[in-house]
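Trainee: I am new to this structure and would like to learn how to read its features. Please take them in turn.

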Amino acid sequence: MDWLVAMPKVELHAHLNGSIRDSTLLEFARVLGEKGTINFSDVEHVILKSDRSLREVFKLFDLIHILTTDHKTVTRITKEVVEDFAAENVVYLELRTTPKRNDSIGMSKHSYMDAVIEGLRSINTVDVDFAPHKLCEGSSHMNDMSNGTVRKKIYVRLLLSIDRRETTEAAMETVKLALEMRDLGVVGIDLSGNPIVGEWSTFFPALKFAREQGLSITLHCGEVPNKKEIQAMLDFLPGRIGHACFFEEEEMGKLKSSKIPVEICLTSNIRTASIASIDVHHFADLYNAKHPIVLCTDDAGVFSTSLSGEYSLASSAFDLGKKEMFQLARNTTELIFADDEVKQEVREIFESAARKLD
Ligand code: 5GP
């Protein structure tokens with residue numbers, strides 16, 4: 001596992017509120033318990049439970065959002081999540097989050113995202129490049145030597161998520177916010193949230209508008225059996241899709257011919273029982289077909305995983321050695337939504353790592 005931790009990696013499917021450390025969630029729960037807002041002992045075992053159905057996962061997210069939706073907390077979790085990914089040598093992270101409005105505490109979608117940006121700015125343990133170069137204050141050169149040690153650097157770009165509970169108007173508000181925040185590292189839009197809620201036709205106008213305005217799109221697709229929606233999503237030709245669990249032969253064929261890259265979240269799919277067991281996971285089929293895929297965590301906190309853990313699982317389950325795993329990680333550079341300049345810099349990180357591998 002050590003070499004998988006040391007290897008540079010790219011994370012393209014990580015939900016901010018799903019990636020919080022258990023210790024931080026418990027700390028928030030304890031504070032709200034003391035205030036009498038929640039009953040701590042009820043919440044503690046929910047946070048620490050590791051096996052959950054997809055339905056239970058969404059119930060947990062409702063709880064997490066009660067614990068985390070205030071500006072200071074959003075700033076803190078953003079900082080910690082990025083630090084955690086950087087610590088395991090994720091060199092490029094596309095972090096996604098659903099901008100939230102909470103009138104009772106004066107939170108707008110915009111101020112929620114300002115709190116996220118504040119979190120990125122507040123990181124001082126690693127160098128964070130989160131915005132197009134001319135605007136990124138905290139950025140410095142790769143492998144900056146300070147005190148004789150190599151300082152880590154992570155590129156972070158943001159995806160704003162539309163929650164499937166939202167209306168077309170609310171989805172459009174998120175897209176307009178993403179457009180406003182392009183200079184702060186927002187590169188695209190994600191469609192997520194409980195897959196049994198909402199209709200594709202509700203989100204389509206906002207997603208179409210986003211794409212026309214130059215934002216990249218990734219869709220949670222095929223998390224539950226829904227042939228009509230899967231077909232409509234594939235016809236939309238998004239930049240990437242996440243999961244692709246409930247694809248029948250016809251949709252799998254369409255996916256492969258369209259070459260839409262797939263974000264694969266092995267632990268998430270197994271824990272939520274979207275896929276019965278690792279040996280029947282569609283990773284193997286897509287990998288053997290040389291389809292563009294990227295291993296991702298989905299919700300490192302909720303599913304108690306890490307990106308190195310996902311690589312380790314793939315390596316052992318599908319019998320892939322060091323060279324294959326490195327190549328898998330390296331290929332993901334081509335799937336990132338950031339501009340060509342960043343892409344080139346990430347390619348160079350892998351080139352340099354490849355020289356050390358030989
Ligand atoms: P947030 O957007 O609040 O930062 O991250 C948590 C949210 O991401 C959840 O409320 C949910 O909308 C979305 N999410 C996290 N994991 C999954 C998943 O596995 N599937 C889907 N469809 N949505 C998810």
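Mentor: Trp 200, Phe 204 and Phe 236 form one aromatic cluster. Before going on, note that this is a predicted model, where local features need pLDDT of at least 70, side-chain atom pairs count only at pLDDT 80 or more, and totals for chains, interfaces and linings use all residues. Residues are numbered from 1 along each chain as its sequence is written, and side-chain values use heavy atoms, with hydrogens and water left out.

Trainee: How many aromatic pairs does a search of the whole structure find?

Mentor: Rings of Phe, Tyr and Trp (its six-membered ring) pair if their centres lie within 6.5 Å; planes under 30 degrees apart count as stacked, over 60 as edge-to-face and the rest as tilted. The search of the whole structure gives seven such pairs. Phe 283 and Tyr 287 are stacked because their ring centres are 5.6 Å apart and their planes are at 15°.

Trainee: Where do Phe 283 and Tyr 287 lie?

Mentor: Helices (H or I, at least four residues) and strands (E, at least two) are DSSP runs, numbered from the N terminus. Both residues lie in helix 12 (residues 283–288), four residues apart, about one turn of the helix.

Trainee: Is Phe 283 buried or exposed?

Mentor: Buried means under 20% relative accessible area, exposed over 50%, and partly exposed in between (1.4 Å probe, protein chains only). Phe 283 has 1% relative accessibility, so it counts as buried. Tyr 287, with a relative accessible area of 25%, is partly exposed.

Trainee: Which residue lies over the face of Phe 236?

Mentor: A charge sits over a ring if NZ of Lys or CZ of Arg is within 6 Å of the ring centre and within 35 degrees of the ring normal. Over the face of Phe 236 lies Arg 211, at 3.9 Å from the ring centre. Arg 240 lies over the face of Phe 337, at 3.8 Å from the ring centre.

Trainee: What does a positive phi tell me to look at?

Mentor: Most residues other than glycine have a negative phi. Ala 273 is not a glycine, yet its phi is positive, about 60°. Ala 273 is in the loop between helix 11 (266–271) and helix 12, and it is exposed, with a relative accessible area of 57%. Ser 304 also has a positive phi, near 45°. The loop that holds Ser 304 runs between strand 11 (293–295) and helix 13 (307–317), and Ser 304 is partly exposed at 46% relative accessible area.

Trainee: How many disulfides does the structure hold?

Mentor: A disulfide is a pair of cysteine sulfur atoms within 2.5 Å. The structure holds zero. For Cys 221, the nearest cysteine sulfur is that of Cys 245, 9.8 Å away. Cys 221 is buried, with a relative accessible area of 0%. For Cys 296, the nearest cysteine sulfur is that of Cys 265, 5.2 Å away. Cys 296 is buried too, with a relative accessible area of 0%.
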